[in-house]
Amino acid sequence: MTGNDCRFLRACRKEEVDCTPVWFMRQAGRYLAEYRKLREKHTLLELCADPELAKEVTLQPMRRFDLDAAIIFADILLPLKCLGLDFEFAAGEGPRIHHPVRGPQDVERLSAGDPRQDLSFVLEAIRLVRGELSPKAALIGFAGAPFTVASYIIEGSYSRNFLQTKLLMYKHPEAWQALMEKVSEVTLKYLKAQIEAGAQAIQLFDSWVGCLQPDDYRDYVWPHSRRIFEGLKEYSIPLIHFGTGTATFLESMQEAGGTVMSVDWRLDLEEVWRRLENRVAVQGNLDPVALFGDRSGLEKRVDRVLDQAQGRRGHVFNLGHGILPQTPVENVEAVVEWVHEKSRR
Ligand code: CP3
């Protein structure tokens, strides 16, 4: 088997597979004891910035489970460095950006660094992981989509109602435009560098885009996400477009780009295939909370996802959003086995 012929990449390309591939968003993280152990000694940013440690964390879930893809251990906020923004992960609180962008002057002061230099450690980690990963598993690179990254830059942390983000968009549309252009430019360069370092697929995380109404998505976000996908086309690798709460503008999100659409549990997969007319592969969409349930309840929910996929070409089994820190490890292991066994062709 050559590296490009593995189950995950075949499914992304809508080719025939022996069984449905499976991986989990946030599969490296606090629900694993071996991750928590490393975190006692290092901060999250230290883990990201040391290619050996990032490699180790990336491979931790691969050693435990029969996963079909690894995702490089990094964070969507790392490219903020290239924009000259300082941030930290405050214990138990999530990200804090030190001087959030609130108006046109703040946008002007952003720098345009080079991800190949500022984030060279991620690229090195990709090379190290690819050197050790089994050829049966693919390596996924990633970045945050412009909207989701901009929302952190503007709010300074996670937000419930995205008040500041929408205010900048509505009151200062030119500054919004300029900010999205700067974020997109850095993101595109960063993703190209990841592919050149060995990433075999890319996922663009638009985690919070579902807070928008469809018109605003079209007017203020779509062109920027599209620019990134267009810029990556030349590499001809799978491009996964992820969002949550995107049921109201799924079609327009898909038109922005991506060869695999990743959806959450609020949508039925059958509806996704029908609405997208089989143009792309589909990733998803078990509710991460299902992993906390008893075995029979969990098995039913896994079956339902597989039933809705009906063994179609182009299904990648995943969660609808990331694994939660308290997730029971044995349930993760069971889901990987079930997906492979139950979908065996
Ligand atoms: O295994 C993997 O999925 C790869 C690693 C990865 C991380 N962050 C490491 C991380 C990935 C793919 C991300 C993406 C990311 N980061 C997203 C998009 C995906 C999503 O969940 O919507 C977002 C929105 C972020 C921003 C971010 N990073 C937040 C909001 C937080 C705090 C919330 C939390 O879970 O604690 C982080 C911290 C972070 N990034 C952790 C990990 C493993 C938390 C664990 C820790 O502190 O050790």
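Q: Let's start with the ligand. How far does a polar side-chain atom of Arg-39 lie from an oxygen atom of the ligand?
A: Happy to begin there! This is a predicted model, and in it the distance from a polar side-chain atom of Arg-39 to a ligand oxygen is 2.6 Å.

Q: Which side chain has an N or O atom 2.5 Å from an oxygen atom of the ligand?
A: That is the side chain of Ser-207. The backbone can take part too: a backbone N or O atom of Gln-27 is 3.3 Å from a ligand oxygen.

Q: How much of the ligand's accessible area does the protein cover?
A: On its own the ligand has 860 Å² of accessible area, and the protein covers 88% of this.

Q: Where does the ligand sit, and which elements give two or more residues to the shell around it?
A: Its place is the largest pocket. Helix H2 (33-41) and strand S3 (94-97) are the elements that each contribute two or more residues to the shell.

Q: Which residues come nearest to the ligand, and how does the shell divide by class?
A: There are 22 residues around the ligand, and those that come nearest are Tyr-35, Arg-39, Asp-75, Ser-207 and His-321. By class, the shell holds 14 nonpolar, four polar and four charged residues.

Q: Stepping back, how many helices and strands are there, and why is the protein called as compact as a globular protein of its length?
A: The protein has 15 helices and nine strands. Its radius of gyration is 19 Å, close to the 20 Å from the globule rule for 345 residues, so the protein is as compact as a globular protein of that length. The C-alpha trace spans about 55 × 45 × 40 Å along its principal axes.

Q: What should I look for in the backbone?
A: Most residues other than glycine have a negative phi, and most peptide bonds are trans. Here, Phe-162 has a positive phi of about 55°, and this residue lies in the loop between helix H8 (146-155) and helix H9 (163-171).

Q: Is the peptide bond from Gly-284 to Asn-285 cis or trans?
A: That bond is cis, with omega near -5°. Asn-285 belongs to strand S8 (residues 281-286).

How values were computed
Residues numbered from 1 in each chain as written. Predicted model: local features only at pLDDT ≥ 70, side-chain atom pairs only at ≥ 80, totals over all residues. Heavy atoms only, no water. Near = heavy atom within 4 Å. Polar contact = N/O pair within 3.5 Å; in protein donor to acceptor, adjacent residues only side chain to side chain. Areas by Shrake-Rupley, 256 points an atom, 1.4 Å probe, with all protein chains shown as cover. 1 Å grid on protein atoms, 1.4 Å probe; cavity = no way out; pocket = protein on both sides within 12 Å on 5 of 7 lines; lining within 4 Å. Sits in = over half its atoms within 2 Å of the grid points. Helix = DSSP H or I, 4+ residues; strand = E, 2+ residues; numbered from the N terminus. Nonpolar A, V, L, I, M, F, W, Y, C, P; charged D, E, K, R; others polar. Rg over C-alpha atoms; globule rule 2.2 N^0.38 Å.
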